[in-house]
Amino acid sequence: EVIVLRYGHRPGRDDRMTTHVGLTARALGADRVIFPSNAGQAKETVEDITDRFGGPFTVELDDSQGATIRNFDGTVVHLTMYGEEVQTVESDIRAAHTEEPLLVIVGGEKVPFDVYEAADWNVGVTNQPHSEVAGLAVFLDRLFSGRELDREWENQERVVLPQKQGKKVVSPDDR
Ligand code: SAM
C-alpha cells in the first residue's frame, strides 16, 4: 500500500495545490491520500473525480498529521529538496515497499524539522526547489518503475479513449 500525506494546508491559497496532490497520487498509483482536516473542499473534488473516473482510491482528513507520521506502521518517505537524491535511494525504498506500507509525505508551507526526523528517508527529486505535485509525480513513477501507467481502473462512469486528435469519452459499457 502507498499512502500520500499532504502535510499542512492554507485554505484559499493551497486549494488547487492540495487538490492536485490528491489527483496526482490517484492517477499515478497511490492507494490513498491523507489531507489535513481543513482541506475538506479538496477531499470533495478528489472524491468526485474518483466517482467519475474510477478507483479504488480514498481520501482521508486528519487533524493530527504529526501523530499519524510518528505512529505509521511502515516506511516513511519525506520529499524535500534537501534530501538524498531519488536516483540513489529509489531501489532501497522499492525493496522496503515490498515488505511494508509506504507513507509519502509532501509539504506545502514550511515543513517542521520533526518531519525530517520522523522520516526513514528524506528524498530530493533534484536538490532544486520546485513543487510538491512535480516531486510526487516523479517519485511515484520511479517507485513503480513506470508500471502505474498501465493500471486498470474499477467502477468508472467515464472512460477516456486515447485519441491522436480530439476527445473521446465513453461509458464503460461502450468500450
Ligand atoms: N520551503 C518549504 C520548506 O523548506 O519546507 C517547502 C516549500 S515547497 C513549495 C513544497 C513542497 O514541495 C515541499 O515540502 C516538498 O515536499 C516539495 N518539493 C519541492 N521541491 C522538491 C524537490 N526538489 N524534491 C522533492 N520534493 C520537493
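**Ground rules.** Residues count from 1 along each chain, as its sequence is written. Since the model is predicted, I took local features only at pLDDT of at least 70 and side-chain atom pairs only at pLDDT 80 or more, while totals for chains, interfaces and linings use all residues.

**Sheet.** I looked up the strand order first. Helices (H or I, at least four residues) and strands (E, at least two) are DSSP runs, numbered from the N terminus. I found 6 strands in an open, parallel sheet, ordered 3-2-1-5-4-6; two strands pair if DSSP finds at least two bridges between them. Strand 3 (58-62) and strand 6 (121-124) are at the edges with a single partner strand each, so one side of each has no neighbour in the sheet. From one strand to the next, the twist averages 30 degrees. (Axes are lines fitted to C-alpha atoms, for helices over the stretch in contact; angles run from 0 to 180 degrees between N-to-C directions.)

**Helices.** Helix 2 (40-53) packs on the sheet and touches strand 2 (32-36) and strand 3; contact means C-beta atoms, placed from the backbone, within 7 Å. Its direction makes about 170 degrees with that of strand 3. Helix 4 (86-99) lies across strands 4, 5 and 6, at about 180 degrees to strand 4.

**Ligand.** I then checked the shell. Of its 17 residues, Leu79, Met81, Gly107, Glu132 and Gly135 come nearest; near means a C-beta atom, placed from the backbone, within 6 Å. Strand 4 (75-85) and helix 6 (132-143) each supply at least two shell residues, and strand 4 gives the most, with 3.

Conventions. Two residues are in contact if their C-beta atoms, placed from the backbone, lie within 7 Å.
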